[in-house]
Amino acid sequence: MTKNFKFIDLFAGLGGFHLAAEQAGGHCVFASEIQSDLRELYTLNHGMVAVGDINDVAISDIPPHDFLCAGFPCQPFSKAGSQEGWRDAVRGTLFFRIVQILEVRRPEFIVLENVANFFKHDDGNTFQAVKAALEGLGYECLAEKLSPHKFGVPQIRERMYLVARRRSDGGLSGFKWPSIVEGGGLTINSVLDVYPPDARSISPKHGAAIAAWQNFLDLIPDEAKLPHFPIWSCEAGATYPVDKGPLLDMRLKDLKQYKGAFGRDIEGSRKQVALGNVPVYARSGDFPKWKQDFILQNREFFKQHKRVLRSWLKVVEGFDHSFQKFEWNCQGEVRDVYSHILQLRASGIRVKRATAAPALVAMTTSQVPIVTWERRYMTARECARLQSMESLKLLPSTSNSAFKALGNAVNVKVANLVIQSLLALREGGEVDGAELMERECFAEVVG
């Protein structure tokens with residue numbers, strides 16, 4: 001595999017692209033990161049200084065390079081501008097700065113990473129503007145959604161990767177995305193420590209909510225299938241209409257004919273007071289079809305199990321709204337929340353198989369995955385392993401900063417496989433994901 005190439009790392013964060021390209025034989029000649037605390041860490045972890053705002057850097061100060069790597073921010077691009085050409089479409093965005101660098105330095109390869117929804121952002125205009133900009137500069141480009149769990153890393157984190165190569169160097173003829181690594185055995189335990197001393201325990205409040213939903217699982221008869229849809233306990237006993245438009249537009253006397261959350265009477269001398277008796281998500285706006293379906297399915301489910309859940313509902317009714325909702329993504333598995341990975345989200349308590357963690361996001365500490373069998377949250381160091389960043393010496397000093405940075409980071413394993421697939425073009429061959437994994441294992445043994 002071709003070695004000794006030069007790369008730059010833009011919007012660098014913790015340096016995921018730095019690690020990925022360096023592991024592929026690259027040498028970083030320039031890095032940029034706007035956050036001062038992350039710049040300090042970048043120097044300590046990678047042995048080089050990252051400059052600040054890329055807009056304040058003269059392009060002439062950016063050295064020549066073979067790869068431009070960037071997990072660039074996604075901003076609304078101009079719909080009107082897209083009608084005038086790609087330069088107008090991307091002008092005023094941080095991507096436009098990438099374009100300006102490309103116009104001057106013309107690296108052979110480009111690797112960009114963004115959220116999976118990037119393809120649909122702004123009705124697809126953003127992706128089309130980016131693609132048109134790169135093609136207008138003489139690059140051939142391809143984009144794909146990739147997730148670490150497809151390559152042996154226990155995290156389900158689908159992201160868009162966009163690769164490009166100068167047409168004058170042959171473009172992407174023969175390029176092949178890293179192949180999915182077949183075979184089972186993926187487990188979250190591969191990144192976990194056993195009762196790490198720095199792990200944050202589940203709070204009594206959160207513990208009580210989790211225990212209540214375990215009680216729910218115990219109460220549902222074994223022969224009854226658990227819902228595949230999100231469970232919204234506040235719909236138990238509710239009868240308010242879902243097909244008559246916004247409840248806010250209904251007359252108060254008509255609204256009072258129905259039952260609200262947990263079957264409560266809809267009472268009050270003013271409409272705003274009366275609406276306080278229906279679920280938060282039902283107070284204004286029309287119900288899309290998917291929400292109507294969820295609501296009606298929940299009402300039927302709780303009607304079927306009314307007898308066994310009557311006392312349980314009185315307990316969960318006192319919880320915060322987000323803890324009144326539950327997602328069981330473990331169909332066919334043992335009905336024990338303490339055997340699975342759990343995440344507390346605004347949309348509810350979500351339980352997933354312990355094969356892989358949910359995607360790390362720039363989250364608050366309350367949304368960090370929970371290792372239920374140890375009654376604790378994952379540590380920052382464990383989350384770093386989910387991002388294939390186990391080699392980083394230092395992480396941000398506070399938990400909030402660490403989880404936010406890791407949630408924004410590029411997964412090193414996936415980025416490395418993509419970069420190696422591009423480097424294979426220089427040798428005129430295709431290298432699939434399984435072969436790349438074998439090479440890495442061999443390097444670890446001989447190293």
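This is a predicted model: local features need pLDDT of at least 70, side-chain atom pairs count only at pLDDT 80 or more; totals for chains, interfaces and linings use all residues.
Student: What does the protein chain contain in helices and strands, and how many of its residues count as buried?

Tutor: The protein chain has 15 helices and twelve strands. Of its 447 residues, 52% count as buried.

Student: Why is Phe 67 called buried?

Tutor: Buried means under 20% relative accessible area. Phe 67 has 0% relative accessibility, so Phe 67 counts as buried. This residue is found in strand β3.

Student: Which residues does Phe 67 touch, leaving out those up to four places away in sequence?

Tutor: Among them are Phe 5, Phe 7, Ile 8, Phe 109, Val 111, Ile 419 and Leu 422. Phe 5 is 62 residues from Phe 67 in sequence, and the C-alpha atoms of the two are 7.7 Å apart.

Student: How do you know that β3 and β4 are paired?

Tutor: Pairing takes at least two bridges between two strands. Strand β3 (residues 67–70) and strand β4 (residues 109–115) are joined by four bridges, so they pair, and they run parallel. Within this pairing, Phe 109 in β4 is the bridge partner of Phe 67.

Student: What makes β2 and β5 edge strands of their sheet?

Tutor: Start with the order, which is β2-β1-β3-β4-β6-β5 in an open sheet of six strands with mixed pairing. β2 (26–31) and β5 (139–146) each have a single partner strand, so one side of each has no neighbour in the sheet. On average, neighbouring strands of this sheet are turned by 20° against each other, direction ignored.

Student: What joins β1 to β2?

Tutor: Five bridges join strand β1 (residues 5–10) to β2, in the parallel sense. One of the residues involved is Lys 6, whose bridge partner in β2 is His 27. Together with helix α1 (residues 16–23), β1 and β2 make a right-handed β-α-β unit.

Student: How do you know that the buried residues of α2 are on the same side of that helix?

Tutor: The buried residues of helix α2 (residues 36–46) are Leu 38, Leu 41, Tyr 42, Asn 45 and His 46. Around the axis they cover an arc of only 110°, and therefore they lie on the same side of α2. On the other side, Glu 40 and Leu 44 are exposed. The elements that cover the buried residues of α2 include β1, α1, β2 and α13 (399–408). Just after α2 comes Gly 47, with a positive phi of about 70°.

Student: What makes a group of residues a nonpolar core, and which members of the largest one touch the most others?

Tutor: The members are buried residues of nonpolar kinds such as Phe, Ile and Tyr, joined through side-chain atoms within 4.5 Å. The largest nonpolar core has 109 residues, and Phe 67, Phe 216, Tyr 240 and Ile 419 touch the most other members. Helix α14 (residues 412–423) gives the largest share, eight residues. A second, separate core of 29 residues includes Ile 54, Ile 101, Leu 112 and Met 160.

Student: Which residues does Phe 216 touch, again leaving out those up to four places away in sequence?

Tutor: They are Leu 226, Ile 231, Phe 301, Phe 302, Leu 309 and Trp 312.

Student: What makes β7 and β12 edge strands?

Tutor: Their sheet is open, with six strands in the order β7-β8-β10-β9-β11-β12 and mixed pairing. β7 (231–232) and β12 (376–377) each pair on one side only, and that marks them as the edge strands. Two bridges join β7 to strand β8 (residues 325–329), and the two run antiparallel. Ile 231 stands opposite Phe 326 in β8.

How values were computed: Residues are numbered from 1 along each chain as its sequence is written. Side-chain values use heavy atoms; hydrogens and water are left out. Axes are lines fitted to C-alpha atoms, for helices over the stretch in contact, and angles run from 0 to 180 degrees between N-to-C directions. Buried means under 20% relative accessible area, exposed over 50%, partly exposed in between (1.4 Å probe, protein chains only). Contact means heavy atoms within 4.5 Å. A crossover is right-handed if, with the strands pointing away from the viewer, the path from the first strand over the helix to the second runs clockwise. The arc is that of the directions from the helix axis to the C-beta atoms.
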